[in-house]
Structure formats: C-alpha cells, structure tokens
Amino acid sequence: YLGPEGWEPAAGCACSGRESVHGFGGFCRGWEFVGQTPWCYTNNDCPDATGPEGAKYKDCIQLAQPPPPPSPPCRGDEGGTSRHAIGSRSLSPVHQSWRE
C-alpha cells in the first residue's frame, strides 16, 4: 500500500476515524491491496461519499506528485569519437602512450 503520507481527505470529507472489523478506513490509506487509491470512512454529510449511513467512504486526494522517471542511461558518443572508446574504436592520443 502507498500509506498515509502524501494523501489527505477530500475537501469537506474529513476522515471520521471509524474502522471496519478489519481495522480499515480510519485514515487515508490504500487498505486492501498494493496500488489501491487511499480512502477513509467519512461523516454522513460528505458530498459524493459512497456507502450506507454510518459507513460512508471516499477516496483521498494526493498532495505530492510521484517523482519523475529516471533519465535513460548515458550511451556515450554514438559517432565513434569518444575519448574513452575501447575495442574497434581507436584510443585518443592521450591514452595511446602506453602502446608506444
């Protein structure tokens, strides 16, 4: 689960603190499976809440955005002129001194 960090109840829908018999719903959390949008039980006056009286719930709102994906790895100079090339590419003059 993502956990409570970075999530808050939707506007006008504070978490009520009520929990199911399994201990779910007291605060914003993805309770049932990994990747679930965090949710919590709310008061009956929460607009658009789902569920019966006394057990209404609503998805929470994400505060922080996830970090961007990592940059692709550097592949070096694709033109064959890299100063650090090894193999079929020639070494730069700085690195050829060991051969002489």
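Reader: Which pattern do the disulfides of the chain follow, with bonded cysteines counted along the chain?

Author: This is a predicted model, and the structure holds 3 disulfides. One joins C13 to C46, another joins C15 to C40, and a further one joins C28 to C60. With the bonded cysteines counted along the chain, the pattern is 1-5, 2-4, 3-6.

Reader: Is the link of C13 and C46 right-handed or left-handed?

Author: The sulfur atoms of C13 and C46 are 1.9 Å apart, and both cysteines are buried. The angle about the S-S bond is 85°, and the link of C13 and C46 is right-handed.

Reader: How many residues apart in sequence are the parts that the pair of C15 and C40 ties together?

Author: The disulfide of C15 and C40 has an S to S distance of 2.1 Å and, with -90° about the S-S bond, is left-handed. Because C15 lies in the loop between β1 and β2 while C40 belongs to strand β2, the pair ties together parts whose separation in sequence is 25 residues.

Reader: Over the ring of which residue does the charged end of R18 sit?

Author: The rings of W39 and Y41 have centres 5.2 Å apart and planes at 90°, so they form an edge-to-face pair, and both residues are buried. The charged end of R18 lies 4.5 Å from the centre of the ring it sits over, which is that of Y41.

Note on methods
Residues numbered from 1 in each chain as written. Predicted model: local features only at pLDDT ≥ 70, side-chain atom pairs only at ≥ 80, totals over all residues. Heavy atoms only, no water. Phe/Tyr/Trp six-rings, centres within 6.5 Å; stacked < 30°, edge-to-face > 60°. Buried < 20%, exposed > 50% of the residue type's maximum accessible area, 1.4 Å probe, protein only. Lys NZ or Arg CZ within 6 Å of the ring centre and 35° of its normal. Disulfide = S-S within 2.5 Å. Helix = DSSP H or I, 4+ residues; strand = E, 2+ residues; numbered from the N terminus.
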